[in-house]
Amino acid sequence: MLKKILLLLLVSLLSLNSCLAYEGKIAFDLDETLIESDKLDRKALQVAEELGYVIMRSAAGQDYIVRPGTYELLDFAKSQGFHLMIMTHNRPKYAHDILKSSGLDKYFDEVRSIEDCREIYNLNFNTYPNHRNNIHIVDQDPVSR
């Protein structure tokens, strides 16, 4: 059953538009997809532990949770010969810290970050004042998403 669910998730991912593929790689988001860490305050950590999540701490001291099924999905994707990459809205130093500390780094051939996007697209908030990077605010509980 788990393999069927993983296969359906992978097929769904592959059927999305081409922005998720970069030179033949499948891109995964890091925060809020594979892990949760960015908004884990004391209250969120307590709720997560009560729900049975394992809270881990990176080498740089960042608390994080690896979402259930992450390792299984990535194992399956690699076993099928897929080349994987991380495309994160976060800083590269943070991403590499979390990936290495969690052991997720072994799955990915490449890591692209917000800095890569800014360099490539040269975001200009005067031209694009409503761009999500300028106005993105999340007020939801990060654990219950």
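This is a predicted model: local features need pLDDT of at least 70, side-chain atom pairs count only at pLDDT 80 or more; totals for chains, interfaces and linings use all residues.
Visitor: Where is Glu-32 found, and why does Glu-32 count as partly exposed?

Guide: Glu-32 is found in the loop between S2 and S3. Its relative accessibility is 32%, and since buried means under 20% and exposed means over 50%, Glu-32 falls in between and therefore counts as partly exposed. Thr-33 lies in the loop between S2 and S3 as well, and at 37% relative accessibility Thr-33 also counts as partly exposed.

Visitor: What makes the approach of Thr-33 to the side chain of Asp-29 a polar contact?

Guide: The side chain of Thr-33 reaches the side chain of Asp-29 at 3.1 Å, and a polar contact asks for a pair of N or O atoms within 3.5 Å, so this pair is called a polar contact. Thr-33 can also be placed relative to Thr-70, 37 residues apart from it along the chain, for their C-alpha atoms are separated by 8.7 Å.

Visitor: How do you know whether Phe-28 and Phe-108 are stacked, tilted or edge-to-face?

Guide: A search of the whole structure finds one aromatic pair, and it is formed by Phe-28 and Phe-108, with 6.2 Å centre to centre and 70 degrees between the planes. The centres need to lie within 6.5 Å, and planes over 60 degrees apart count as edge-to-face, so the two values together give an edge-to-face pair.

Visitor: What makes this pair a link between distant parts of the chain?

Guide: Phe-28 belongs to strand S2 (residues 25-28) and Phe-108 to strand S7 (residues 108-112), and the two are 80 residues apart. With relative accessible areas of 6% for Phe-28 and 10% for Phe-108, each is under the 20% limit and is therefore called buried.

Visitor: Which way do the residues of S2 point, and are they buried or exposed?

Guide: Lys-25 and Ala-27 point one way from S2, while Ile-26 and Phe-28 point the other way, and all are buried. For Lys-25 the relative accessible area is 16%, which is under 20%, so this residue is called buried. The side chain of Lys-25 makes a polar contact of 3.0 Å with the side chain of Glu-110. S2 is joined to strand S6 (residues 83-87) by four bridges, and the two strands run parallel; in that arrangement Phe-28 stands opposite Ile-86.

Visitor: Why are S4 and S5 called paired?

Guide: Two strands pair if there are at least two bridges between them, and S4 and strand S5 (residues 63-66) have two bridges in the antiparallel sense, so they are called paired. Met-56 has Tyr-64 in S5 as its bridge partner. In the order S3-S5-S4, three strands form an open sheet with antiparallel pairing, and its edge strands, S3 (35-36) and S4 (56-57), each pair on one side only.

Visitor: How do you know whether Glu-36 is buried or exposed?

Guide: Glu-36, whose place is in strand S3, has a relative accessible area of 2%, and because this is under 20%, Glu-36 is called buried. The side chains of Glu-36 and Arg-67 are joined by a polar contact of 2.9 Å.

Visitor: What lies across S3 and S5?

Guide: Helix H4 (residues 92-102) lies across S3 and S5, and it runs at about 60 degrees to S5. The buried residues of H4 are Tyr-94, Ala-95, Asp-97, Ile-98, Leu-99 and Ser-102, and they pack against S3, S5, H3, S6 and S7.

Visitor: Which residues touch the most other members of the largest nonpolar core?

Guide: They are Phe-28, Ile-35, Leu-84 and Phe-108, in a core of 19 residues. S2, S5, helix H3 (70-79), S6 and H4 each supply at least two residues of this core, and the largest share, four residues, comes from H4. Leaving aside neighbours within four places in sequence, Ile-35 is in contact with Leu-30, Ile-65, Val-66, Arg-67, Tyr-94, Ile-98 and Leu-104. There is also a second, separate core of five residues, including Leu-40, Ala-44, Ala-48 and Ile-65.

Key:
Residues are numbered from 1 along each chain as its sequence is written. Side-chain values use heavy atoms; hydrogens and water are left out. Rings of Phe, Tyr and Trp (its six-membered ring) pair if their centres lie within 6.5 Å; planes under 30 degrees apart count as stacked, over 60 as edge-to-face and the rest as tilted. Buried means under 20% relative accessible area, exposed over 50%, partly exposed in between (1.4 Å probe, protein chains only). Contact means heavy atoms within 4.5 Å. Axes are lines fitted to C-alpha atoms, for helices over the stretch in contact, and angles run from 0 to 180 degrees between N-to-C directions. A polar contact is a pair of N or O atoms within 3.5 Å; within protein, one must be able to donate a hydrogen and the other to accept it, and residues adjacent in sequence count only if both atoms are side-chain atoms. A nonpolar core is a set of buried Ala, Val, Leu, Ile, Met, Phe, Trp, Tyr and Cys residues joined through side-chain atoms within 4.5 Å.
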